[in-house]
Each structure stands twice: as structure tokens, then as C-alpha cells.
Amino acid sequence: MTARFDVLVVGAGPAGLAAAQAAASHGARVGLLDAQPRPGGQVWRHDVRKQAPRAAVAAMQQTAAAGVEFLAQHQVVAAEPHGLLVETPQGARHVHYGALILASGARELLLPFPGWTLPGITGAGGLQALVKQGWPIAGKRVAVAGTGPLLLAAAATLRAHGAQVLGIFEQAPAAAVNAFARQLLHWPARAVQAISLRARLAGVPYRFGSIVRSAHGSEHDNHKLCAIEIEDTRGRHRLECDHLAVGYGLLPNVELAQLLGCALAYGTPEYASAHPHVIVDGLLRTSVADVYAAGEACGIGGLAAARVEGLIAGHAAAGATDAAIALQPRRAKERRFAALLAKHFALDSRVHDLAAPQTMICRCEDVSLSALDGFIDARAAKLATRCGMGACQGRICGSALAEIGRFTRSGARPPLFPIRLSTLAQAEVAPPLSDEYRGH
Amino acid sequence: MTGHRMNVIHVDGQRVEVPAGASVAAAIAQVTILFRRSVTGEARAPLCGMGVCFECRVTIDGVAHVRSCMTPVLHGMQVQTDAGAAP
């Protein structure tokens, strides 16, 4: 089954929705595909029990009204010349394009610590996503930890669904969070958001300089999480809980961009990053002809940056350069806010050193930290220990190892996700069978 | 919001009712926290909640290794976790 679009957008979050709508507004035939069953991405993920934010409803309505075709449950697995091989529940599909916009968003940075594989421990945005899709949380005792404003958003969702949020344990020191809060005065809309979030979290302790050092499971009940140990300025203490939602911020999803050969960079002149983002110019063109990128894939920038970048990329991909250029000042402003976030919620070096020698780093293949001693690159470690060879293809352990300073992730190669053999059989370009990698 | 339509599915043979649009992961969580066993036999459950980590994978209607967090419940689904599998 084959489809063809003038402009194809990968990822139906805020950036992708805006890009699709902007491109379609110039008469282009636009496809918007996403691995999830519904549009919205992570930040606008559909909630089975609560109403969607007004901006999300509006963006989805505008995209649909513009004639954009939404391709749900389309997982991109390989790149072909001006096309993608995707897997759907109904089988494999080729989707061809004139121009491609990568709005692949971000995932959470999940860092290993003793006990982090216990059932009941999720990402912070991770638990928020699960709960929005009906995960039973009412009455459960939840600790929220990690870093960044996402912790507040996650905690607010969990509370709205009936969770007993025991506390928000932010790794950044109080001085950094307070300095960030003062900067919000220059961003009134965001200050209002922050105040409203805090109001929804009234009574929930918000602790700074707090780090979850370890987690402990119950002897029975499948070793399910029963307590965590928290270290803060006053020392270490134990907290009994049913769930721990811990996330250390976000990192760009660049696997498809990498597969397409788009140039990547690490961090910006203002702040370093262990995680790559896609390099784009003022029109959001990547280094590969006819491939654009928008939103978190270009570096973590948040919702407002994603929306304006989506519009720019959509206009540019449809050939409406003037409309794209007109939005550049707005983009620059939103990107400044992102730099502010990165600066104030920089990770404390303590969170890089939490894993013990026996802590599992690769959860797919159960490879411990000590098994990786002596390796200086991901590929050698993978061949010798199977680290990163499992179903997630190193998305969790590879990013964690890069963050804690062991080694950078190896490059992406097809298939981008585990696929059925019947899908593989439909690939126009056979994935390499040798163990050679693109990228590093 | 109340009054949502409910779907009935079976997790390890046990009947579960969940709102339409809920994920299979949410349905499983009503029955067990053990979604899968790792290669060394550890109990595992969803981690990322968004289709990246594969810790939530189960067998759905006979198809193995399906990410339950990415799959909406459909009436009559049969789900098999490693909790229900023979050890």
C-alpha cells in the first residue's frame, strides 16, 4: 500500500500539527503521521477522563479543517528515496513525499539508580502519559522527582486523577529555581501558567536540591516498589510510596533524522548537551535537501517554540518563504526561554553517579554498569555485552550512558524500531546486515 | 467527565472493564504490575509511557511483543502478560 504527499509531517504533536496546517494552507497535499493512535504528541496527549486544553482542541480542528490527512499508528521504520517505510497495525506501507518535516519531538531522560527497574517506577511525563490513558492512580501514593517544570505539570495531572502526591523532589538547588522564577517576570504568560500550576498543587511539598538515591521493592508482590531513599540538604530519608515518577528533563528524538543523514549537533554555545539535536537554518531546513525539522528535534525548546517552528517549517516546505521569514522573530524569542530553562535546571553531578556497579543499565538485555567498565565506545560495548541491542535499540541506556559520561550513542540504522518480518520484506532498500553503523 | 462507554477485555483470562480510548497498559495495571520478565527473570512494568522503552510489551490477540502503552483497548481483546505465563 503506497501513499504520496506534497508535504509529509512526522509527529503529530504541537510542532507537527502546526506544520501540517501551515503547509496545507498553501494548497499542498499534506500527510501527518504519528506512531500513536491519536494526534497531540506528549504535551497534548488525549486524556480519557478530562477535557483537552483549548489550544490543543483548536490546533487539531484547524489541521483537520485544512484537509490534512492524519495517519494514525504509523511507526516509521526505514527511509527510502523521498519516502518512508512505515508499519501500521494493518501491515507495512510506503509513504512518499516531496518535502518531509521532522517533528519527532522529545523523550524523557531516564537515568539509572539502584532499584530503577522495579515495577512502579516510571518517567515523570511517563506516568502522566499512562494516567491520561486510564492507568489506575486514584488513592495511590506518588513521589514525583527529577528536574524541570515538567514535574509540576505531571504532578498536577496525577493529582487531578486522584493520586496522593507525596512531594515533588527537584534536583536543582533552591537558588537556581528561585532565579528561574524571577526571570518568569519577563514572560507574563508563562508566569501565569506557573502560578496556576502551583495553585493546583497547593499543599504538595516542593523540595529543591533533592535527589532520589535508590528504590526498594516489596519482598512479595513481584518486587513492586514500596519505598525510596531521598537525599536533600538535611541528609537522607526514606519515603514509603506506591509509585515514583522520575524524569531528568527531555532530549530530542533524532533517530529518523540521523537515518536520513541530517547533520546533528550537541548543545549550543551557551550550554553543553550530551544529546544531539538536528541542525536547521532560519527556514528550518536540515542539511538534507527537502527535509525540514521543527520543535524539540531541533533542541529542547518547549511548547511555544514548537508551535512557531512548526508554522515556519510548514510554510517553508510549501514554498511560502515570506510567511516563514515573518515568524522568525517569534521563534528567536521562544528559543531564548528554552535557554533559560536549560541554564537553571542543569543537572547536578550527583545524579550522574547514582548507579551502583550491579545496577542494570541496559534494561532490554540486563547489562549492569560494571559489565561496561573498560569500554570507551557504544559499538564495542554492544558487541561484547549486548548493551543497547534490545527492543528499545539503546534509546534508554544509550542516552543514559551519554548523559553520565560513559560514551555517546551509536548512530541510527534501520529498522528504527523492531518490526515484523513481513514489514521487512517490503523494504525497498534492504537494511544493512553487516554491523556497520552510520554516524559515529 | 463521566458516562464514558466501557470496553471489556481479558488480561491473563481475567475480565477487565476500561473506558473507551484507554490503553491496554492501563487495563493490565488493574490486574497485575508484572507486564514482562526480563532476560534474567526480573519483573518489569512500563517505564516511559510513550512507546520508547518497550518495558510494557505483552502479547495481544496472539501477537507477541506489542507495546501495551501504545495500543488502545478494543472490545474483546485477549492480553497475555508474563505474570499469566508459566514461570
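How many residues sit between β4(A) and β5(A) in their hairpin? Two residues do, and A:His82 in that turn has a positive phi of about 50°. Keep in mind that this is a predicted model.

**From β4 to β5 in chain A**
- Strand β4 of chain A covers residues 75-80, and strand β5 of chain A covers residues 83-88.
- These two strands run antiparallel and are joined by five bridges.
- If you want a spot to look at, find A:Ala78, which stands opposite A:Leu85 in β5(A).

**From β5 to β6 in chain A**
- β5(A) also pairs with strand β6 of chain A, residues 91-102.
- This pairing is antiparallel too, and it runs over six bridges.
- Here A:Val86 has A:Arg93 in β6(A) as its bridge partner.
- The link from β5(A) to β6(A) is a hairpin through two residues.
- While you're looking at strands, a general point: in a regular strand, side chains alternate between the two faces of the sheet.

**Where chain A meets chain B**
- Chain A puts 37 residues into the contact, and chain B puts in 35 residues.
- On the chain A side, β7 (106-108) and α3 (124-132) each supply at least two residues.
- α3(A) gives the most to that side, with four residues.
- Sorted by class, the side of chain A that touches chain B has 15 nonpolar, 13 polar and nine charged residues.

Terms used:
Residues are numbered from 1 along each chain as its sequence is written. Chains are lettered from A and ligands numbered from 1 in the order in which they are written. This is a predicted model: local features need pLDDT of at least 70, side-chain atom pairs count only at pLDDT 80 or more; totals for chains, interfaces and linings use all residues. Two strands pair if DSSP finds at least two bridges between them. Two residues are in contact if their C-beta atoms, placed from the backbone, lie within 7 Å. Ala, Val, Leu, Ile, Met, Phe, Trp, Tyr, Cys and Pro count as nonpolar, Asp, Glu, Lys and Arg as charged, and the others, Gly among them, as polar.
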